[in-house]
Amino acid sequence: MYALIAGGGKVGANLARTLLRMGHEVTLVEQRSDRFGRLEHEFEHQVIKGDATELFVLEKAGIARPPDILVAATGDDEDNLVICQLAREKYGVAKVIARVNDPRNQPYFDLLGISPTVCATSSIMALIEHEVPEHDLIHLLELRKENLEIVEVTIDKGSPSDGKRVAKLALPDGSRLISVMRDGQSEIPDEQTELHAGDQVLAILQPGREDELRRVLLKKH
């Protein structure tokens, strides 16, 4: 596999090291002179100096081949957006992955259909939500291309779903329960599965329907 990585900071450099160890071909692009000097010492001819938003830099890096995958991992969301657009639309790169530094910029990537994206802030927040009891519904994974997300809820005593079979739950249209964990054991639920207080339930549904799911599974009468 040939991977082109834009951005030689910690994320890009570590990704390049890992891919090289796995035996893949990698080209790393970095525009900062001080950082490029350190990377050149380590990666030699596999790193080039330049701004990856510029066409001649991308072409020097081999984007016209095209690469099997391009990763835009700079610290600037606007640059990552432009790099992915150029790679996909001008050079026909089949797979692009973008780093999103500020979660507030995620809608712009979604609007332009750039997926998948990786946002460290959002990932850390999901972990925090998982550890903080007052978060009754935790966002675990977004499948933007499919317009779906996977969430986790914990059934409380007295919740409307406590003691009910899945078949009796008025789940939001298009949603499904995909896992129930009880006493450390997980099972794939069917219509006859009965939910109980303390169950950790994974559900897949369309974004924006979380409140409907809360009403069915969590909200007390």
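User: Which residues of helix α7 are buried?

Analyst: Glu210, Leu213, Val216 and Leu217 are the buried residues of α7 (residues 210–217). They lie on the same side of α7 because they cover an arc of only 125° around the axis, the arc being that of the directions from the helix axis to the C-beta atoms. Buried means under 20% relative accessible area, exposed means over 50%, and partly exposed is in between (1.4 Å probe, protein chains only).

The model is predicted: local features need pLDDT of at least 70, side-chain atom pairs count only at pLDDT 80 or more, and totals for chains, interfaces and linings use all residues. Residues are numbered from 1 along each chain as its sequence is written, and side-chain values use heavy atoms, with hydrogens and water left out.

User: What do the buried residues of α7 pack against?

Analyst: They pack against β7 (137–143), β8 (148–154), β9 (176–182) and β11 (200–205), where contact means heavy atoms within 4.5 Å.

User: What makes the five strands a sheet, and in what order do they come?

Analyst: Two strands pair if DSSP finds at least two bridges between them. β9 and β11 have 5 bridges and run antiparallel, and β9 pairs with β10 (residues 185–187) in the antiparallel sense over 3 bridges; both counts meet the criterion of at least two. Arg176 has Ile204 of β11 as its bridge partner, while Val180 has Glu187 in β10. The open sheet has the order β7-β8-β11-β9-β10 with antiparallel pairing. Its edge strands are β7 and β10, since each pairs on one side only.

User: Which residue in the hairpin of β9 and β10 takes a positive phi?

Analyst: Aspartate 183 does, at a phi near 55°, in a hairpin with 2 residues between the strands.

User: How many residues are in the largest nonpolar core, and what makes it a core?

Analyst: A nonpolar core is a set of buried Ala, Val, Leu, Ile, Met, Phe, Trp, Tyr and Cys residues joined through side-chain atoms within 4.5 Å. The largest has 25 residues, and Ile63 and Leu70 have the most contacts inside it. Elements giving two or more residues to this core are β1 (2–6), α3 (55–60), β4 (69–72), α4 (77–90) and β5 (96–99). α4 gives the most, 5 residues. Leaving aside neighbours within four places in sequence, the contacts of Leu70 include Ile63, Ile83, Ala87 and Ile97. A second, separate core of 16 residues includes Val151, Ile155, Leu213 and Leu217.

User: Why is the crossover from β4 to β5 called right-handed?

Analyst: β4 and β5 run parallel, joined by 3 bridges, and Val71 has Ile97 in β5 as its bridge partner. The chain crosses from β4 through α4 to β5, a right-handed β-α-β crossover. The name applies because, with the strands pointing away from the viewer, the path from the first strand over the helix to the second runs clockwise. β5, α5 (residues 106–111) and β6 also make a right-handed β-α-β unit.

How values were computed. Helices (H or I, at least four residues) and strands (E, at least two) are DSSP runs, numbered from the N terminus.
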